[in-house]
Amino acid sequence: MKKITIKDIATEAEVSISTVSFVINGKGEKMGISGAVIKKVQDVAERLNYRPSMIATSLRTGKTRSIGLIVEDISNQFFADLARVIEDEAKNIDYRVFYCSTGDDDERSQELIHSLLQANVDGFIITPTKNLEESVELLIKLKKPVVLIDRYFPGQRVSHVVMDNYEASNSATKFLINKGCKNIAVVNNTSEMIQMSLREDGCRDALKEAGIYKDSLVLHMEYHSNEQNRIAAVVEFFQKNKEIDAVIFLTNYMGLTGLQAFKDMGIRIPQDISVVSFDDHDSFKLHTPTITVIEQPIKEIAVKSIQLLMSQMTDMEAYKVEKSLKKGKLIIRESV
């Protein structure tokens, strides 16, 4: 299919190439072009489905109308859903999104940031890896608009949008306690990222408040282990702690691991154990019984992150750092 150029529009509209250039770049009125001619050029451009070159636009304006979105794992349903909503929100303001996965690899994350800098994206939305603080600091020094999502670095002055992880896990634990559960396990990973620490803190404080906290009922699974090793770790843990009557998995992939382990062990849900997991997943809805989850406010996080990024891209000098906490939602299903 032939690429439509401004010369094609000029020929069709019977005006000069410079007139078309002024109109499509929003300078028609300033250059004294009549309203009728402006409309004629715009109508022809729309009819011919003209799309301006991003490279040419970037060279002319210094802007690419693009956003770099860096998440941990686009195959994880939470990040996939988040990316989709962010892309929809960006499209509403005529921005495109380039998104990439880090695989929680610090070196890969740094490479992606530098690649997107070379691509001259107008702003960054990032789910940072554990050791990415220096790279985020570089973006701040370069005065590049940046917003962190899902997690952040406590001492860094950068805008972020996250769920209130402490409140969510604390409320979910109290829900299990009110249901009569006495031996509640917590399954976390070894990443030590801020959101994971806050989730564990919320569970621990609720259990301590009820006088039933047991350090032995906290499992820290190796962060970079494969699924087989994770299942083996869960099986070993629950075989050693047969008194457990409820468990909170602090990520959805750990929750899915737990369901497979329970199936292998013949543990029945909720007869033998009540289950709650962070972050919803299609498998939790289809599982028999359906699994109670702590749902992140994906739409709110996406909308707010775009708003904060646009504020920086509009006026970086006047922008003030904003740290936004969004409330999660406990969706009660059949597993409790």
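Which loop holds glutamate 192? Glutamate 192 sits between strand S6 (184-189) and helix H9 (194-209). The views below are taken from a predicted model, in which local features need pLDDT of at least 70, side-chain atom pairs count only at pLDDT 80 or more, and totals for chains, interfaces and linings use all residues. Residues are numbered from 1 along each chain as its sequence is written, and side-chain values use heavy atoms, with hydrogens and water left out.

**View A. Glutamate 192 has a positive phi.** The angle is about 65°, although the residue is not a glycine. Glutamate 192 counts as exposed, at 60% relative accessibility. The classes are buried (under 20% relative accessible area), exposed (over 50%) and partly exposed (in between), with a 1.4 Å probe and protein chains only. Helices (H or I, at least four residues) and strands (E, at least two) are DSSP runs, numbered from the N terminus.

**View B. Asparagine 120 also has a positive phi.** Its value is near 60°, and the residue is not glycine. The loop here runs between helix H6 (106-118) and strand S3 (123-126). Asparagine 120 is partly exposed, with 25% relative accessibility. Most residues other than glycine have a negative phi, and most peptide bonds are trans.

**View C. A cis peptide bond leads from isoleucine 269 to proline 270.** Omega is near 0°. Proline 270 belongs to the loop between helix H11 (252-265) and strand S9 (274-278).

**View D. A cis peptide bond leads from threonine 288 to proline 289.** Here, too, omega is near 0°. The loop with proline 289 lies between helix H12 (282-286) and strand S10 (292-295).

**View E. Six strands form an open sheet with mixed pairing.** The order is S7-S6-S8-S9-S10-S12. Strand S7 (218-221) and strand S12 (329-331) are the edges, each pairing on one side only. Two strands pair if DSSP finds at least two bridges between them. Neighbouring strands are turned by 20° against each other on average, direction ignored. S6 and strand S8 (residues 246-249) run parallel, joined by four bridges. Isoleucine 184 stands opposite alanine 246 in S8.

**View F. Helices H8 and H10 lie across strands of the sheet.** Helix H10 (residues 227-240) lies across S6, S7 and S8, at about 160° to S7. Contact means heavy atoms within 4.5 Å. Axes are lines fitted to C-alpha atoms, for helices over the stretch in contact, and angles run from 0 to 180 degrees between N-to-C directions.
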